[in-house]
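Me: I have a structure to look at and I'm new to it. Could you walk me through it?

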Amino acid sequence: MCVRRMEWQPDEQGLQQVLQLLKDSQSPNTATQRAVQQKLEQLNQFPDFNNYLIFVLTRLKTEDEPTRSLSGLILKNNVKAHYQNFPPTVADFIKQECLNNIGDPSPLIRATIGILITTIASKGELQTWPELLPQLCNLLNSEDYNTCEGSFGALQKVCEDSSELLDSDALNRPLNIMIPKFLQFFKHCSPKIRSHAIACVNQFIIGRAQALMDNIDTFIEHLFALAGDEDSEVRKNVCRALVMLLEVRIDRLIPHMHSIIQYMLQRTQDSDENVALEACEFWLTLAEQPICKDVLTGHLVQLIPILVNGMKYSEIDIILLKGDVEQDETVPDSEQDIKPRFHKSRTVTLQHEGGGGEEGEDIDEDDDDDDDTLSDWNLRKCSAAALDVLANVFRDELLPHLLPLLKGLLFHPDWVIKESGILVLGAIAEGCMQGMVPYLPELIPHLIQCLCDKKALVRSIACWTLSRYAHWVVSQPPDSHLKPLMTELLKRILDGNKRVQEAACSAFATLEEEACTELVPYLSYILDTLVFAFGKYQHKNLLILYDAIGTLADSVGHHLNQPEYIQKLMPPLIQKWNELKDEDKDLFPLLECLSSVATALQSGFLPYCEPVYQRCVTLVQKTLAQAMMYNQHPDQYEAPDKDFMIVALDLLSGLAEGLGGHVEQLVARSNIMTLLFQCMQDTMPEVRQSSFALLGDLTKACFPHVKPCIAEFMPILGTNLNPEFISVCNNATWAIGEICMQMGAEMQPYVQLVLNNLVEIINRPNTPKTLLENTAITIGRLGYVCPQEVAPVLQQFIRPWCTSLRNIRDNEEKDSAFRGICMMIGVNPGGVVQDFIFFCDAVASWVNPKDDLRDMFYKILHGFKDQVGEENWQQFSEQFPPLLKERLSACYGV
């Protein structure tokens with residue numbers, strides 16, 4: 001007969017020691033906590049310490065539950081950190097104990113064991129613990145409720161953590177058995193089990209697991225059967241399933257869409273807010289589907305009032321937001337209130353017809369939400385987001401359902417209802433702007449009045465909603481709305497309530513972007529307010545204030561360069577600059593702000609540039625040094641936060657752009673070129689992106705310092721012409737173009753390093769517009785300085801070159817690029833023949849070319865016409881659109 005291995009037994013003294021440690025670790029005293037941490041680290045040296053932990057969790061039924069659970073959670077952390085070092089006997093003992101005790105009578109202990117199981121499973125153990133899934137699935141059939149619930153809880157966690165692995169060949173496709181098994185439990189008598197079963201299947205919808213797709217109709221049928229379930233957790237999981245199915249298997253829902261919408265209308269009003277929130281997601285997802293308009297039009301009359309009703313603050317929101325606290329500006333912020341900021345690196349863009357430069361399309365612009373500090377997603381936010389996207393789908397067709405409600409809300413005596421009306425008005429601003437215009441002359445003054453409401457939450461939402469209509473306000477005569485709005489917003493920037501300060505500051509930044517130079521007459525008054533706020537704001541709002549000042553500088557540009565304005569603005573900024581240490585993250589927004597200010601003030605920034613320049617160089621140097629130490633000894637040093645270096649590089653760009661030639665003496669006295677050489681080769685794309693922007697700006701401002709490095713820099717620039725990293729590639733391309741203009745014919749040895757990549761990029765499908773334009777400019781400039789080298793490949797790029805530059809405004813960059821094309825056509829006229837119509841179109845896009853450039857165009861057009869003869873030219877020009885024909889004839893007589 002077989003001899004059973006002696007089962008592991010704890011040593012009594014050791015067990016008492018572990019229990020004491022668990023008791024101590026629940027103490028609130030930090031010194032005790034620290035001692036516990038040290039003790040834990042010592043005990044982790046003993047392999048069977050983990051046996052003690054599982055023993056306390058699964059066997060010591062006499063101990064109190066929090067202590068047992070804690071023992072399991074410490075074990076879970078050990079598994080996470082060192083599972084690969086557990087001796088096999090220890091690992092096996094832990095796994096066995098988990099499976100044997102998954103049905104513990106205590107829900108807390110069952111849940112802890114479930115967490116432990118999934119943690120072991122995700123340490124690559126699903127493959128080496130083959131009995132886990134079959135055993136858990138088997139235990140689902142147990143008559144004992146605790147065993148069934150515990151196993152389901154564990155399975156749900158494993159499905160959440162390892163869904164991709166479960167749907168792969170690596171495990172022999174266990175889902176083929178698991179999913180049909182889960183579906184059987186949708187009809188179980190216990191709501192907790194029904195809820196687990198749906199939650200398990202839900203993990204596999206988005207990944208379209210094959211086993212689920214094979215059973216999709218049964219799944220949907222079972223979901224419908226649970227639609228009226230009395231348990232809120234079950235209803236929540238049903239809603240969640242339907243929302244995901246809408247994304248991945250809308251084909252299966254379409255036949256039932258009418259009844260699904262009716263069901264979701266009901267659920268969005270569920271008495272349990274968690275269910276209502278899951279249901280409300282349905283409208284957000286549906287709005288993204290092409291069928292939205294067809295299936296929803298008939299239901300708007302029911303849906304709109306439900307969404308509007310969901311946009312009120314709940315009582316709990318008001319308590320959490322301290323809605324009754326009006327004055328809190330003297331209360332310091334707690335650090336966790338402050339969300340981490342991410343710096344957006346510089347992307348070089350061109351000016352377009354009809355408006356300013358376009359932002360790089362590869363960068364998502366994020367609209368700040370109206371009530372950030374409750375950053376948990378809730379029914380109010382979801383309802384507002386749904387109304388916003390639906391307004392974008394239905395446009396003005398939404399208004400007949402909304403306007404009758406709005407009137408009642410906006411003038412309601414109860415502030416909570418009035419506040420929700422103002423939020424509604426803001427949510428539809430983008431989608432329904434056209435239809436709202438007739439009502440705005442009456443509504444905007446009412447909203448401006450709401451800025452003085454006695455409730456802080458009404459004042460703050462009014463700031464947000466007004467910012468959503470800023471575009472319209474600015475389009476009217478300034479005295480009618482802009483001036484009153486600006487005056488009131490500036491008062492709100494100095495509000496006694498921090499949330500109102502924040503909302504007003506953000507709204508004012510939006511107004512600045514829309515109004516641009518319209519603000520110039522009021523600059524003195526604006527600066528007085530913003531500078532006064534400096535002395536008043538707590539930490540979090542200071543960061544938003546920097547943004548408002550930076551945006552102001554971007555918006556009014558050189559108009560800021562007046563001695564009285566500089567006198568007001570610079571001292572407080574420089575004072576903050578001196579207070580902050582090099583490792584303080586608050587430098588990010590301050591550096592960004594100073595970068596805008598330096599660019600706007602131009603020579604006005606000269607008195608302040610030296611310390612700012614030096615510090616930026618220091619920040620770059622420190623970060624590079626730390627990165628080097630970390631790469632050599634990752635165990636001894638921390639990885640640096642490279643954002644410091646990126647922001648510093650961008651501010652240096654701002655200085656070079658603003659100061660132009662004046663930056664020369666600063667560059668001469670620093671090692672910036674050596675640092676730049678390192679930054680251009682950094683592994684992080686954002687660092688390279690900012691380096692190339694700075695290289696281009698220094699090339700324009702003080703080329704004699706750049707020139708000695710060109711031989712080293714050009715190969716690096718060539719390597720970075722890789723459209724996988726759009727913004728890096730864009731800035732490298734732009735820098736090459738600027739270098740061409742300075743190098744002239746000396747560019748010749750480097751043409752082959754970059755030309756092929758540039759031609760490839762301009763012919764790539766789906767390349768963002770910004771990158772295409774910069775590529776075309778640089779190819780043109782390369783041809784301008786080295787026509788003999790570039791002209792032979794003219795035919796390979798002339799067509800996309802012409803189409804990408806026809807929408808750019810007349811400017812220096814466009815001028816040099818077109819000169820280049822004309823010179824290349826001179827060298828290789830055959831290269832343009834097949835695409836001559838595109839060249840004609842590009843020439844016609846010029847409004848006022850310089851005289852000598854106009855002559856170049858004239859010669860090429862007439863040369864071509866003479867070459868083919870009058871008759872052929874007539875036939876050729878018949879293909880021209882009427883407008884093109886007209887312009888060429890008027891400007892060039894062809």
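**Cysteines, helices and overall build**

Me: How many disulfides does the structure hold?
Reply: The structure, which is a predicted model, holds zero disulfides.

Me: OK, take Cys189. Which cysteine sulfur is nearest to it, and how far away is that?
Reply: The nearest cysteine sulfur to Cys189 is that of Cys148, at 8.9 Å.

Me: Is Cys189 buried or exposed?
Reply: Cys189 is exposed, and its relative accessible area comes to 71%.

Me: And what about Cys702, where is its nearest cysteine sulfur?
Reply: Cys702 is likewise in no disulfide, and the nearest cysteine sulfur belongs to Cys709, 11 Å away. Cys702 counts as buried, with 3% relative accessibility.

Me: Switching topic: what is the secondary structure of the chain?
Reply: The protein chain comes to 48 helices and two strands. Its C-alpha trace spans about 105 × 65 × 65 Å along the principal axes, and of its 894 residues, 56% count as buried.

Me: How much of the contact in the chain is between residues 24 or more positions apart?
Reply: If you take the contacts with a separation of 6 or more, residues 24 or more positions apart account for 75% of them.

Me: Now helix 44 and helix 46, at what angle do they pack?
Reply: Helix 44, residues 812–827, and helix 46, residues 851–868, pack at an angle of about 35°, and their axes are 10 Å apart. Helix 44 passes helix 46 in a left-handed crossing.

Me: Which residues meet there?
Reply: From helix 44 there are Asp815, Phe818, Arg819, Cys822, Met823 and Ile825, and these meet Asp852, Leu853, Met856, Phe857 and Ile860 from helix 46. The residues of this contact divide into eight nonpolar, three charged and no polar.

Me: Where is Thr778, and is it buried or exposed?
Reply: Thr778 is found in helix 41, which covers residues 769–785, and Thr778 is buried, with a relative accessible area of 1%. Leaving aside residues up to four places away in sequence, Thr778 touches Thr733, Trp734, Ile736, Gly737 and Leu758.

Me: Last one: what does UniProt list for residues 36–104?
Reply: The UniProt entry, which is unreviewed, lists those residues as "domain: Importin N-terminal". In the model, residues 36–104 are 71% helix and 0% strand, with the end C-alpha atoms 28 Å apart.

Technical notes. Residues numbered from 1 in each chain as written. Predicted model: local features only at pLDDT ≥ 70, side-chain atom pairs only at ≥ 80, totals over all residues. Heavy atoms only, no water. Axes fitted to C-alpha atoms, helices over the stretch in contact; angles between N-to-C directions. Helix = DSSP H or I, 4+ residues; strand = E, 2+ residues; numbered from the N terminus. Left-handed = near helix turned anticlockwise from the far one by under 90°. Contact = heavy atoms within 4.5 Å. Nonpolar A, V, L, I, M, F, W, Y, C, P; charged D, E, K, R; others polar. UniProt positions renumbered as here; feature names shortened; annotations may be inferred. Disulfide = S-S within 2.5 Å. Buried < 20%, exposed > 50% of the residue type's maximum accessible area, 1.4 Å probe, protein only.
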